Amino acid sequence: MSFLDNFRKRKYKQKIKIATDLVKEGKNKEAIDAYNEAFKSLINLGDYVSLACLYVDEGEYNKAIDIFNDVIIKIQSKGLDKDLADIHFGLGVCYDSLRQINKAIENYEKAISEGKISQSRIEESYNRIYR
């Protein structure tokens, strides 16, 4: 890895640390800005999902949907064998919150079909739909 790559990686980690510290302080809006600043140089999918979750917490469901879908595309395009259950669950929550029930059910079912989601989360998804 070159000096420049190492430098970028260190800077990225510093910005992500700032973002996670802001989340711990309950400063979600500032954390979102810090995550977005970090992603201008590099993107770590785990950190990117954290940003999507912050958007969910802030009620910015369309932004979260964009990120979740982007993560799925990135994982699939790289041929990675990753569990997408949590991503689909997050999409289900977003679509449910936007009252797009068919899309919510579709994503909850995808999360369940991944087989790596707890019974309590399955029940939570159905409770959200049928409340």
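## Salt bridge between Lys-29 and Glu-58

In this predicted model, the side chains of Lys-29 and Glu-58 form a salt bridge, with N and O 3.6 Å apart; the term denotes a side-chain nitrogen of Lys or Arg within 4 Å of a carboxyl oxygen of Asp or Glu. The pair joins distant parts of the chain, the two residues being 29 residues apart. Lys-29 belongs to helix α2 (residues 28–38), whereas Glu-58 lies in the loop between α3 (45–57) and α4 (61–77). Helices here are DSSP runs of H or I with at least four residues, numbered from the N terminus.

Both partners have intermediate accessibility. Lys-29 is partly exposed, at a relative accessible area of 47%, and Glu-58 is also partly exposed, at 29%. In these terms, buried means under 20% relative accessible area, exposed means over 50%, and partly exposed lies in between (1.4 Å probe, protein chains only).

## Basis of the values

Residues are numbered from 1 along each chain as its sequence is written, and side-chain values use heavy atoms, leaving out hydrogens and water. Because the model is predicted, local features need pLDDT of at least 70 and side-chain atom pairs count only at pLDDT 80 or more, while totals for chains, interfaces and linings use all residues.

## Further salt bridges

The count of salt bridges comes to 9. One of them joins the side chains of Glu-60 and Lys-63, at 3.0 Å from N to O. Glu-60 is partly exposed with a relative accessible area of 21%, and Lys-63 is partly exposed at 42%. Lys-29, Glu-58, Glu-60 and Lys-63 are linked in a network of salt bridges.

Another salt bridge connects Glu-106 with Lys-110, whose closest N and O atoms are 3.4 Å apart. The two residues are separated by about one helical turn, because they stand 4 residues apart in helix α6 (residues 101–113). Glu-106 is partly exposed at 39%, as is Lys-110 at 35%.

## Helix α4

Within α4, the residues Ala-64, Ile-65, Ile-67, Phe-68, Val-71, Ile-72 and Ile-75 are buried. They lie on the same side of α4 because they cover an arc of only 165° around the axis, the arc being that of the directions from the helix axis to the C-beta atoms. The buried residues pack against α3 and α5 (85–97), where contact means heavy atoms within 4.5 Å. On the face turned away from this buried side, α4 carries the exposed residues Asp-66, Ile-73 and Ser-77. After α4 comes Gly-79, which has a positive phi near 65°.

## Cysteines

The structure holds 0 disulfides, a disulfide being a pair of cysteine sulfur atoms within 2.5 Å.

Cys-53 is partly exposed, at 36% relative accessibility, whereas Cys-94 is buried, with a relative accessible area of 0%.
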